[in-house]
Amino acid sequence: MMMTDHKIREERNQMKLIHIADVHWGARPEREKPWGKERAKEIKETFRRVLERAKEQKTDLLLISGDFFERQPSLTDLREADYLLKQLDHTKTVWIAGNHDYLKKGTGLEAYKWESDTFLLKGPELEKISFPELNTTVYGFSYWQDQIEDPLYDSLRPEEEGDEIKILLAHGGDEKHIPIHRERLKWSGFDYIALGHIHKPEVIFEDLMAYAGSLEPLDHTETGRHGFMEGEISEERQIITFHPFSRREYVRTEVYVTEEMSGEEILDRIDTEISYRGSENIHEIILQGTMDPQIELDIERIQERYRISGITDQTKSIWERRDLSREDNLLMRRVAELLEDEPKALAYAMEALELSEEREV
């Protein structure tokens, strides 16, 4: 007779987990952009894909380290999340509320009765939920207000209960949201510390303490890969790794141009750089080098084809590159200073001055 997965893991003292944080369900990144609605849907869709991953991997625990919701959730929001979590037939969910979705007594998240196999550690003092079949206890507490300035994690310690796996869910890391002294937390006695609040994923101490980061990047400052932490803890080994999973990334794309390039060539160069870095991503274009000031780029053409969060022109005009410090160029230098914010006018003025010098010669 075949043993169940849980029975096998109980004998081997093995447990599989997925750690997510800062989903911000209900957020609308880039609200003013044409793809604003698309991004709001993708936040939810990526969470659904995480649940599919949990089912495929037969994950034992889904850990949510705060800010699952963008704001205080409505009953509709809670029912929708509960319905999705109810599809997990193998995975238990444990989470805490963060500073965005902090608990208000008797309402919303605090009062909701879950139909799924979900456990909310309501706090505000340290609570725990034990899973004997997994030989695991999860600790944590929820935010009860949007700002907490005390370093509440510094003195936390798990209870001594044999060789069981002890996990802490925590949310914070800056001066307004539970400051965290990493070295103190490292030696607190927990087997894994699942952090939230900081949106950039980071393994702080290998296989021990990590920020999962936001599941999807939420604005142009959140560049790089996003996803979740996935791991396995047993008597023999403990492995926690970052798993890239977001639908899109924010990418800072620098495009180098020269004064000899035409407008069409510059647009082709932008197109090539975007394709190379992932046409599915959201790009902030930075133009570098020199550019003929008389060129008018058809930026709308690029924006219609790709998701462009912004375009910054850091190019210099051909006149800025010339040596205008010599005494016989004082007039040109003065003109350049006066018209530095009017590139077209500057180009015409410089051309007129050069033509005048040629005639005098």
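Trainee: Why is Phe119 called partly exposed?

Mentor: Buried means under 20% relative accessible area, exposed means over 50%, and partly exposed is in between (1.4 Å probe, protein chains only). Phe119 has 26% relative accessibility, so it counts as partly exposed. Keep in mind that this is a predicted model: local features need pLDDT of at least 70, side-chain atom pairs count only at pLDDT 80 or more, and totals for chains, interfaces and linings use all residues. Residues are numbered from 1 along each chain as its sequence is written, and side-chain values use heavy atoms, with hydrogens and water left out.

Trainee: And what makes Phe131 buried?

Mentor: Its relative accessibility is 3%, so Phe131 counts as buried.

Trainee: How many aromatic pairs does a search of the whole structure find?

Mentor: There are 12. Rings of Phe, Tyr and Trp (its six-membered ring) pair if their centres lie within 6.5 Å; planes under 30 degrees apart are stacked, over 60 edge-to-face, and the rest tilted.

Trainee: Why is the pair of Phe119 and Phe131 called edge-to-face?

Mentor: The ring centres are 5.5 Å apart and the planes meet at 70°, so edge-to-face it is. Phe119 sits in strand β4 and Phe131 in strand β5 (residues 127-131), so the pair ties together parts 12 residues apart in sequence. Strands here are DSSP runs (E, at least two residues) and helices likewise (H or I, at least four), numbered from the N terminus.

Trainee: What kind of pair do Phe141 and Tyr153 form?

Mentor: A stacked one, with 5.2 Å centre to centre and 25° between the planes. Phe141 and Tyr153 are both buried.

Trainee: How do you know that the charged end of Arg49 sits over the ring of Phe245?

Mentor: The rule wants NZ of Lys or CZ of Arg within 6 Å of the ring centre and within 35 degrees of the ring normal. For Arg49 the distance to the centre of the Phe245 ring is 4.4 Å.

Trainee: Which residues of helix α3 are buried, and why are they on the same side?

Mentor: In α3 (residues 75-85) they are Leu78, Ala81, Asp82, Leu84 and Leu85. They cover an arc of only 160° around the axis, which puts them on the same side of α3; the arc is taken from the directions from the helix axis to the C-beta atoms. On the other side, Thr76, Arg79 and Tyr83 are exposed.
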